[in-house]
Amino acid sequence: MNEETQDRRRRDASAHCPPTRAHALPGLTRREILKAGAALQLLALMPAGLAHTFRNVCAAEPGERVLVVVQLTGGNDGLNTVIPFADDRYHRARPVLALRPERVVRLSDHLGLHPALGALLPHWDEGCMAVVQGVGYPDENRSHFRSMEIWHTARTDDSPPSAGWLGLLAAQQAADAGPDASSELPFVRIGGRDLPLALAGAPRQAPALQSLSDLSITLPAGTDRGAAARRLLQEACRSPASREGLAARIAVADSAAFDCAQRLHDLAREEPAGDGPTTPLARALALSSQLIGARLGTRVIYVTQDGYDTHARQERSHELCLRELGEALDDFQGRLRRQGDDGRVTTLVFSEFGRRVEENASGGTDHGAGGPVFVLGRAVKGGVLGIDPDLSGDRDTDVPVGVDFRSVYVSLTDWLGMPSTLAVPGDHARLPLFA
Amino acid sequence: MSASWRTAEEALAPFRPDIDGPWDAGSASHLLRRTCFGGTRQERDQVLRWGPGAAVNELVACPPIEGAYASVLEALSPLLSAGSLELYRSVWLTRMLRDPRPMREQLALFWHGHFATSVAKVRGPHLMAAQVDLLRTLGPGRFGVLLGAVARDPAMIRWLDGNGNRARHPNENFARELLELFCLGVGHYEECDVRDAARAFSGWHEQDGRFRFNAREHDGSDKLVLGRSGPLDGDDVLAACLERPACAEHVGGRLFRHFVHAAPSPELVTLIGEHYLASGYDTLALLRELFASRAFFDAQARRSLVSSPVALAIGAARTLGLRPDTSELGTRLADLGQALYEPPSVKGWDGGLAWLNAATLIGRMNLAARFATSFAALRKPDPAPLRDGVADLGALIDLLFDGELPGGLRDRLASGDMPLTQAIHILLSLPEAQLS
């Protein structure tokens with residue numbers, strides 16, 4: 001990406017900033033504050049009331065906050081995602097794959113994003129994107145399956161994995177909400193039909209949605225008088241009259257299902273017609289934004305993107321993956337902003353492991369250890385956390401792990417206002433991910 | 001009514017028509033739903049004529065496959081050598097739809113949830129299909145024989161890390177689930193039992209899709225599992241499990257909760273365990289006893305189970321005489337939360353109300369719409385419409401709900417001249433239709 005495009009993107013980004021947020025602090029836009037650097041220090045200097053207001057523009061009530069998890073399946077090459085372009089050892093280790101300093105999208109004087117992630121730059125500039133370097137777990141396991149299992153269960157021991165961290169979070173939520181909140185959609189996965197282990201163990205399996213039509217009621221072919229037929233169907237299913245036991249509970253759940261379908265139907269009507277997103281990930285995230293906008297009580301959304309297992313000739317394939325990722329996340333943030341939900345949604349982007357520092361002989365990279373995760377959202381405090389990869393090791397080395405992934409998890413569950421004791425056992429340091 | 005069975009013995013005693021309750025169309029449909037997913041009007045009338053004793057003997061049997069159904073399977077067999085997951089799903093659903101005595105498929109589905117293994121980790125759909133073949137063949141027989149085969153099943157070994165269980169590095173995954181989920185239940189074993197049981201199974205490996213006992217990786221030293229000691233191997237551990245009454249109660253109780261109702265008293269579970277153990281774990285014999293019992297025909301049991309997506313779809317299709325596209329159905333059922341060969345975890349599907357949420361309820365209604373359209377397109381739908389495609393709602397309600405719908409609903413639906421498709425769509429979407 002050339003300088004001009006970058007500049008344009010920066011300008012676009014500031015144009016996106018809704019005026020209400022800028023007005024919260026007289027005389028200063030949020031972007032200016034962040035540009036000036038330490039927002040937190042500024043907060044400390046502010047009168048308590050004003051600081052509170054400032055926080056509130058970025059944050060919704062905890063009960064309304066939503067976590068979107070984007071899983072990059074296959075083991076993303078972190079070093080070619082967040083690039084230590086000023087480090088000679090990076091260039092030496094990757095004679096074929098290293099990106100020259102002038103090509104990277106600079107985040108600082110020594111770190112830059114892969115150019116395919118240029119769409120994320122405005123979010124970085126606005127201070128809505130955190131990069132956590134070197135995330136992983138002790139004694140990295142290089143098996144996709146095992147490593148994903150560890151990320152999904154938040155456990156590194158050998159206990160048989162029957163439940164995932166989000167499944168257990170859902171279980172806790174359900175226990176707190178009581179038995180009759182039965183038809184909300186608190187935890188949802190989008191795209192992919194397989195239940196990720198992360199969501200296993202929930203009292204109600206997280207539904208898999210492929211498109212909005214999964215939540216719309218289709219009348220049988222040849223049914224005329226559509227509206228009347230729909231009404232009759234609803235009446236017959238939801239009326240609790242003289243129903244008891246299980247049937248009565250299902251009637252209540254049906255009632256909520258009809259509401260849910262109706263709200264999404266109304267929302268879809270409001271949606272301006274236009275070019276929809278074209279990639280699977282962007283479509284999944286667009287659907288996520290619709291669910292969030294419909295306020296169905298959704299708290300966690302799980303989305304996956306495949307294609308990161310880049311053992312050979314990865315230059316092009318990795319670039320395509322990252323481009324889809326960056327543009328989908330940018331599109332998603334834009335949608336959330338337009339519908340006024342950006343303050344209550346945070347997105348986590350992770351992969352089961354990073355890849356080796358040295359490229360292999362096939363123009364690819366092999367399974368490694370630590371890697372960067374991204375945390376995105378209006379509530380997020382932008383910047384780099386963790387320690388940049390130390391590339392001083394010998395051949396065949398890994399990006400070292402400096403941050404336990406469970407620290408990321410518990411920081412997110414804290415933000416969601418959900419107790420993490422069941423979902424993420426053990427004592428883990430919190431990261432300053434949120435403003 | 002249930003209160004009248006003061007003791008577990010009384011609840012498990014055979015149901016006597018007209019003394020314990022009426023033997024009517026509702027009872028016949030109840031039996032058909034639980035043993036055969038559901039049945040047509042003709043099948044219901046046949047069951048009614050048989051009477052409860054003969055009907056249970058007839059339906060709770062897994063007779064050799066012959067006749068037209070054998071030809072169906074024969075026609076499918078060339079597809080099965082190296083199929084895709086979608087194909088295996090489609091073929092299994094075809095079996096459920098077409099088997100004239102689908103008890104064996106009901107049982108295979110039950111065991112698939114009990115020994116829940118997922119293609120997600122096993123990676124070979126053919127290995128999963130082979131495992132379910134094993135469940136289908138051995139499922140009706142003695143539980144001990146089934147258990148021995150499952151412990152050697154290549155898909156199970158991959159699923160619970162059997163190849164990682166080596167003499168010097170035991171892996172407890174299989175041993176733990178064996179004790180906790182497959183046989184005994186929490187509270188009936190100690191951690192040390194798990195540890196030593198794992199060592200007993202060391203060397204039970206899988207290679208190229210076959211079981212292989214790897215003697216070099218088997219730990220032949222002394223162990224102590226559930227009170228048995230010596231240089232135990234895997235079969236000794238299985239025997240130790242099977243002789244525990246807790247095992248018969250755990251598995252027998254699970255069969256009861258799956259096929260009869262969800263809340264048996266502890267005394268009833270104990271009694272079921274005694275009978276199961278005394279029969280040498282003869283599963284079909286236990287099922288005959290359960291299906292013929294007063295507890296089964298009790299009001300407490302009727303419409304007391306939330307149908308799984310598979311049971312819902314196959315039940316509706318069998319009741320209405322539909323032949324849905326099983327390939328598409330397999331995917332739909334996965335979206336509804338029941339991906340065959342791919343249960344969510346080793347605990348299987350949670351079942352009950354856990355099947356239902358806004359998305360799956362809407363999905364169930366949309367499946368009902370699909371079935372309604374198919375029914376209207378049948379050449380000879382039964383029940384036949386009254387005229388011009390307007391439904392004989394009374395006959396439909398009788399067939400699907402034994403005539404019982406909550407107050408007013410029957411009248412409200414029957415008041416208009418409702419087209420057949422619309423009527424079927426509504427009836428199959430009702431909360432009552434989600435219950436078996």
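Trainee: Which residues of α24(B) are buried?
Mentor: This is a predicted model, in which local features need pLDDT of at least 70, side-chain atom pairs count only at pLDDT 80 or more, and totals for chains, interfaces and linings use all residues. Residues are numbered from 1 along each chain as its sequence is written, while chains are lettered from A and ligands numbered from 1 in the order in which they are written. A residue counts as buried if 20 or more other C-beta atoms, placed from the backbone, lie within 10 Å of its own. In α24(B) the buried residues are B:L420, B:T421, B:Q422, B:A423, B:I424, B:H425, B:I426, B:L427, B:L428 and B:S429.

Trainee: Why is α24(B) described as largely enclosed by the rest of the structure?
Mentor: Helices are DSSP runs of H or I with at least four residues, strands are runs of E with at least two, and both are numbered from the N terminus. The cover of the buried residues of α24(B) includes α10 of chain A, together with α19, α21, α22 and α23 of chain B. The helix is largely enclosed because the buried residues number 10 of the 10 in α24(B).

Trainee: Which element gives the largest share of the side of chain B that touches chain A?
Mentor: Two residues are in contact if their C-beta atoms, placed from the backbone, lie within 7 Å. By this criterion, 49 residues of chain B are in contact with 48 residues of chain A. Elements giving two or more residues to this side include α8, α12 and α24 of chain B. The largest share, 11 residues, comes from α21(B).

Trainee: How do α15(B) and α17(B) pack, and which word describes their angle?
Mentor: Axes are lines fitted to C-alpha atoms, for helices over the stretch in contact, and angles run from 0 to 180 degrees between N-to-C directions. The two helices pack at an angle of about 45°, with their axes 11 Å apart. Angles under 35 degrees count as roughly parallel, over 145 as roughly antiparallel, 65 to 115 as roughly perpendicular and the rest as oblique. The angle therefore makes α15(B) to α17(B) oblique.

Trainee: What is the radius of gyration of chain B?
Mentor: Chain B has 24 helices and four strands. The radius of gyration is taken over C-alpha atoms, and the globule rule is 2.2 Å times the number of residues to the power 0.38. For 436 residues this rule gives 22 Å, and the value for chain B is close to it, so the chain is as compact as a globular protein of that length. The radius of gyration of chain B is 23 Å.

Notes:
Buried ≥ 20, exposed ≤ 12 C-beta atoms within 10 Å, placed from the backbone.
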